[in-house]
Every structure is written in C-alpha cells, then in structure tokens.
Amino acid sequence: MVEYDSYARTSNRKVIAGIVGTQIATLYGPVPPQYSLEILSETYGNPGSLAVSGYLLQFATLQSYTPSGTIAGTIVQGVTVPGDSSVNVGHGFDVVGKVEPGCLLEGLVVAPTSGSLQVTLVARLVPGRGI
Amino acid sequence: MSYDLSDIESVLVRENDLLLMGFNGGEDYVPLRVLARTEVPYLYDAVAEGQLSAALAASGSANGISGNTYQPALQLGSSFISGKPTDVFDLTRYPSYVYQSFFGIAPAALRVFLQQPFKTDQRSLPIIGYTPAYAQSGYFDGLLSPLYRPSRKTQTWVMPGMSFALGYENVEPEAVYPLLFFYLNALNVAVVDAATAYAMISQPGLAKIFTVGGLQPISYNVESHYGVSGLKLDMTLGEVQTAIPPIDKNSGPQGLVTRQQ
C-alpha cells in the first residue's frame, strides 16, 4: 500500500513559472497566511551567452505571520547559470526551499545588469506555519 | 501514479447489506436492503461542465480568513449531457437508486462546502458555522481528500428527492479551476418488510445506520419517495408494522416493497 503522504505530495503540486530580470518580479504570492509554500524543484534557464546570477527572495507583505516576525527580504535560493545553459535544483520530492506564510516569492537577477532567467518551480502549499 | 481507493474500499456497502438511512434529524429512518450495486468513477470539471462560469478568482485576503474568494453552493449541472441537466445527481425519478458517494479534490488547498438539500448548509455547526465571510470550518479540501485518493470522510449519500450542491472557497493568490473525482457506489435498493425493519432498529450491528445530509433540519417526505413512513430508532414492533404495512402479495416480491416507476 502506498502511504498517504505520497499522494499528498503528488496531488498537491503546482508549477510556478516566470521570467526573472533585473527588476524584481513576483513569481507567487502572497502565500495564504495559514499555509507555507514548499519548493520541491527549481529549474533556471539562461538563454543568453553570458553567465547570469540571481536569487529567489521572500518578502512579507501581509501581517506578520512568519515564525520569525516580519521578513524584509531573505534569500530562498541563489543560483549562477552558465551561458546557454540551465541549472536544476532538487528532484521534485524533497523540499529545497520554503516561502513563509504571508510572503511574496520574488525573483531578481543581480549580474549581469541585462541578464534574465527563465524560472520554473515545482511547489506545494502545506497548511501550517514554520513547518 | 494511479487511483488509490484503499481508504474507501472497506466502507463501501455491499450486496444484501441492510441500511437505515436517517432523514429529518433522525426523525425518519428508511430501512433498505441493497439488492445490487456497481462502482462508477465520475470525473467532474466544475468550470468545463458549466457549474461555474469561470475559474475561481484569486484570493485577495490580507488575513487568510476574510476576503477569500467564496462561491456559494450550486448544483452540479452539465452542459455536455443531453438535456443539459442542472443536477447530475438528481435521483427523483429513480427511487430504487442510491449513490454512496466519495470525492477527491484538486487543487489541494481548495475548500469544498456541502449543501444537502440545495440551500441547506450541512456540516455547519453552532457559532463556527461557515459563511462567505467566515469559511474556516465545515469544508473538505484536497489535503484531506486528494483527487486520486478520495477520503472516506467525504462520504455523501445521494438519495431520491434529496438534491446536492457544492460551494467553493479559494484561499490561493491565483485563480483555480476546481476538479472533483467522484467515486460512486451506485446501489439498487428496496424497502424491507416490517419484521426485518424492526430487527434492524432493535438489534445493534444488524443494519448500517447513516445520517443523510447532516444535522440541519430539513423537510424530506419519506412516504412520497418510498411509500412507507419513516421509522424512529426506538419504535416498538407494532409501531413499525403500522409504518410499513404488509404489501399485496400479488403485486411484488414477497417480503420486499419495491419502488418502481
């Protein structure tokens, strides 16, 4: 018999996709205050010829529902992608990043000043805070 | 990935099971025997079938409680079935049928609310009863009952003349398209005779007892659908015999009051 949790994992996934540039871009959110968003895999594609570095960040926008108070901007994931290449993080089963309740998930390219990344995330909402 | 029905398998009623189906807050129990059954999966896309005119809009709530997108309950119609029925679970014209229904839900955080009959909120308790402004209780969601693994906790009885409607709440910051996977245990039933009915209410364990809908008071006319009066669980044999009069031996199978169109 397959355990219940594996169904919660596979039926509870969502794909979050967007293009991230040097202006901060919201990918998802705000996460509902009674839920957290768990990121299970990340794919970063770089169509340019130069290496691009960027971040996934979270910002608290709703009332402070996070376990550690108001989040002004913390890094969920940092990545550097070589030119004409892509980077994978995670395989879709284990949690590789988490966005706290009430926070926006945002992306930002920091170098070079004109680069962009195609970001595709597999994530799931889980009820609760700080779990 | 495949369907997993292991959670509901053991609670599906079987052939020859005796059922006491409770209506009107326990005032009226109908004693039924399962003559035959079949199991039917039914995938229902609320937007594509026309129950909803569009996806549920993204929630704009700042606290996760008030201001979520709430869709009051609607009957489950279909714009694809011939005749475009407004309620695909309407058994009014099929009184020998009963559906023991379970459903899985996608997306996972979607909250699903039950009205049975239509316009009567079930699973709504005193004080914490759910409303569009406070939909924090009384819901099923996909975390409780994943789409491909319906939970036994979603058990809903679909009975003749007992309409059925579902409402939704979207707590997510994006539009969602509700998808439901019903698993229907479709039953062919008949009312039992008075002696069997008395045994069912007086011998613990002989019959499976269910409350149809919930605790909210409703008005369900047992006699018009089953031709007998509803039973109370503390009736005497004489009272049961009055509620279920003997049938004419020339008009149907011995010992069973069949309900036919």
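Let's start with a sheet in chain B. Four strands make an open sheet in the order S3-S8-S5-S6, with antiparallel pairing. At its edges stand strand S3, residues 69-75, and strand S6, residues 140-141, and each pairs on one side only. Keep in mind that this is a predicted model.

Take one pairing from that sheet. Strand S5 of chain B, residues 111-115, runs antiparallel to S6(B), and 2 bridges hold the pairing. Across it, B:Arg111 faces B:Asp141 in S6(B).

Now, confidence. For the complex, the predictor reports an ipTM of 0.88 and a pTM of 0.90. Chain B has a mean pLDDT of 92, with 94% of its residues at 70 or more. Over residues 252-257 of chain B, pLDDT stays under 50. For that stretch the model has 15 contacts beyond four places in sequence.

How many residues of S1(B) are buried? The count is 6 of 6, across residues 18-23. Both faces are covered. On one side sit B:Leu18, B:Leu20 and B:Gly22. On the other sit B:Leu19, B:Met21 and B:Phe23.

Which strands pair with S1(B)? One is strand S2 of chain B, residues 28-45, joined to S1(B) antiparallel by 6 bridges. There, B:Leu20 stands opposite B:Pro31. S1(B) and S2(B) form a hairpin, with 4 residues between them. In the turn, B:Asn24 has a positive phi of about 55°. Another partner is strand S10 of chain B, residues 208-211, which pairs with S1(B) in the parallel sense over 4 bridges. In that pairing B:Gly22 stands opposite B:Thr211.

On to the aromatics. Over all chains, the model has 18 aromatic pairs. Here is one: the ring centres of B:Phe164 and B:Phe182 are 6.3 Å apart, and the planes meet at 65°, so this pair is edge-to-face. The cut-off for that class is over 60 degrees. B:Phe164 lies in the loop between strands S7 and S8 of chain B, while B:Phe182 lies in strand S9 of chain B, so the pair ties together parts 18 residues apart in sequence. Both B:Phe164 and B:Phe182 are buried.

These two rings also belong to a cluster linked by ring pairs. B:Phe140 has a charge over its face: B:Arg123, at 3.7 Å from the ring centre. Chain A has such a case too, with A:Arg13 over the face of A:Phe93, at 5.1 Å from the ring centre.

Let's stay with chain A. An open sheet of 4 strands there has the order S2-S8-S4-S5, with antiparallel pairing. Strand S2, residues 25-28, and strand S5, residues 74-81, are at the edges; each has a single partner strand, so one side of each lacks a neighbour in the sheet. Neighbouring strands of this sheet are turned by 30° against each other on average, direction ignored. S2(A) pairs antiparallel with strand S8 of chain A, residues 103-111, over 3 bridges. A:Thr26 has A:Glu106 in S8(A) as its bridge partner.

What does A:Gly78 touch, leaving aside residues up to four places away in sequence? A:Gly54 and A:Tyr55. A:Leu57 is 21 residues from A:Gly78 along the chain, and their C-alpha atoms are separated by 8.7 Å.

Technical notes: Residues are numbered from 1 along each chain as its sequence is written. Chains are lettered from A and ligands numbered from 1 in the order in which they are written. This is a predicted model: local features need pLDDT of at least 70, side-chain atom pairs count only at pLDDT 80 or more; totals for chains, interfaces and linings use all residues. Side-chain values use heavy atoms; hydrogens and water are left out. Two strands pair if DSSP finds at least two bridges between them. pLDDT is the predictor's confidence in each residue, from 0 to 100. Contact means heavy atoms within 4.5 Å. Axes are lines fitted to C-alpha atoms, for helices over the stretch in contact, and angles run from 0 to 180 degrees between N-to-C directions. Rings of Phe, Tyr and Trp (its six-membered ring) pair if their centres lie within 6.5 Å; planes under 30 degrees apart count as stacked, over 60 as edge-to-face and the rest as tilted. Buried means under 20% relative accessible area, exposed over 50%, partly exposed in between (1.4 Å probe, protein chains only). A charge sits over a ring if NZ of Lys or CZ of Arg is within 6 Å of the ring centre and within 35 degrees of the ring normal.
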